Amino acid sequence: MKLSQIVATVSLVIASGCLVNAYAAEHGSIDKVLGSASVSSNQHYDDISLVNGSVKMASNSSAKSVSTVNGSIELRDNVKLHSASTVNGSIESGSGLQVADELSTVNGKILAGSNTVIGGNVTTVNGDIVLDNSQAGRDVTTVNGDIKLTGKTVVKGDVVYKPRGKKKAFFGWNNDKKPTLYIGADAVVEGNIILQQEVELQIENPAMQAKVVTQINDGR
């Protein structure tokens, strides 16, 4: 074997070892259609994929991708993930959560504990997003939800309110309630605050108010 081939092989083994150690997936994957998944403290899994069930992860545990369709994702302190997503359910965590990629849900809230670090996007459609003393590496986006950024939270991308369709109530169309964006005095959005619908703004830092970009299409 040539020296270059040996070096490449050793490099691949080292890289693979780092990935395994990062998530230490000695327990393999969990894949269920019915039933929840529970990860104990200091346990480390590969992918966790459910259809009808919730995921609970105790402190100091880890996994790669965590996903469910109908269920919530509950994370205790110092959990490490590559990503987490659900369709019908919320994502809630204790302090010190580390997510390499994104957190996303369709119908549910995202409540991240203090000192959370998220490498990618934080996204909901119908749900609130709360970040406290935390960091989002890309955009924070919702449609029908409030966003609350407190403490020394940093959003490195944009904060985006996407446009809403009309909601039909029992008596005609009802789409009057505005979502609320709260940005505390010490929180920072490095990108823009993009409003594609009407939003109630509660922004304590004038420098953040200057980042507001309104892109409302009223159909006229």
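User: How many aromatic pairs does the structure hold?
Analyst: Rings of Phe, Tyr and Trp (its six-membered ring) pair if their centres lie within 6.5 Å. By that criterion, the number of aromatic pairs in the structure is 0.

User: What kind of model is this, and how are its residues numbered?
Analyst: Residues are numbered from 1 along each chain as its sequence is written, and side-chain values use heavy atoms, with hydrogens and water left out. Local features need pLDDT of at least 70, side-chain atom pairs count only at pLDDT 80 or more, and totals for chains, interfaces and linings use all residues, since this is a predicted model.

User: How many helices and strands are there in the protein?
Analyst: Both are DSSP runs numbered from the N terminus: helices (H or I) need at least four residues and strands (E) at least two. The protein has 2 helices and 25 strands.

User: In which order do the 10 strands of the open sheet stand?
Analyst: Two strands pair if DSSP finds at least two bridges between them. The pairing in this sheet is parallel, and the order is E1-E3-E5-E8-E11-E14-E17-E20-E23-E25. The edge strands, each pairing on one side only, are strand E1 (30–34) and strand E25 (212–214).

User: Which residue stands opposite Ser85?
Analyst: Strand E8 (residues 83–88) pairs in the parallel sense with strand E11 (residues 103–107) over 4 bridges. E8 also pairs with strand E5 (residues 65–70), in the parallel sense over 5 bridges, where Thr68 stands opposite Thr86. In E11, the residue opposite Ser85 is Ser104.

User: Is Gln197 buried or exposed?
Analyst: Gln197 is placed in the loop between strand E23 (193–195) and strand E24 (200–203). Buried means under 20% relative accessible area, exposed over 50%, and partly exposed in between, with a 1.4 Å probe and protein chains only. Because its relative accessible area is 6%, Gln197 is buried.

User: Which backbone oxygen does the side chain of Gln197 reach at 2.7 Å?
Analyst: Contact means heavy atoms within 4.5 Å, and Gln197 touches residues including Tyr161, Pro179 and Ile216. A polar atom of the Gln197 side chain lies 2.8 Å from the backbone oxygen of Val143. At 2.7 Å, the side chain of Gln197 reaches the backbone oxygen of Lys162.

User: What share of the 220 residues in the protein is buried?
Analyst: The protein exposes about 11,500 Å², of which carbon and sulfur atoms supply 50%; accessible areas come from the Shrake-Rupley method with a 1.4 Å probe. Of the 220 residues, the buried share is 37%.

Key:
Phe/Tyr/Trp six-rings, centres within 6.5 Å; stacked < 30°, edge-to-face > 60°. Polar contact = N/O pair within 3.5 Å; in protein donor to acceptor, adjacent residues only side chain to side chain. Lists of a residue's contacts leave out its neighbours within four places in sequence.
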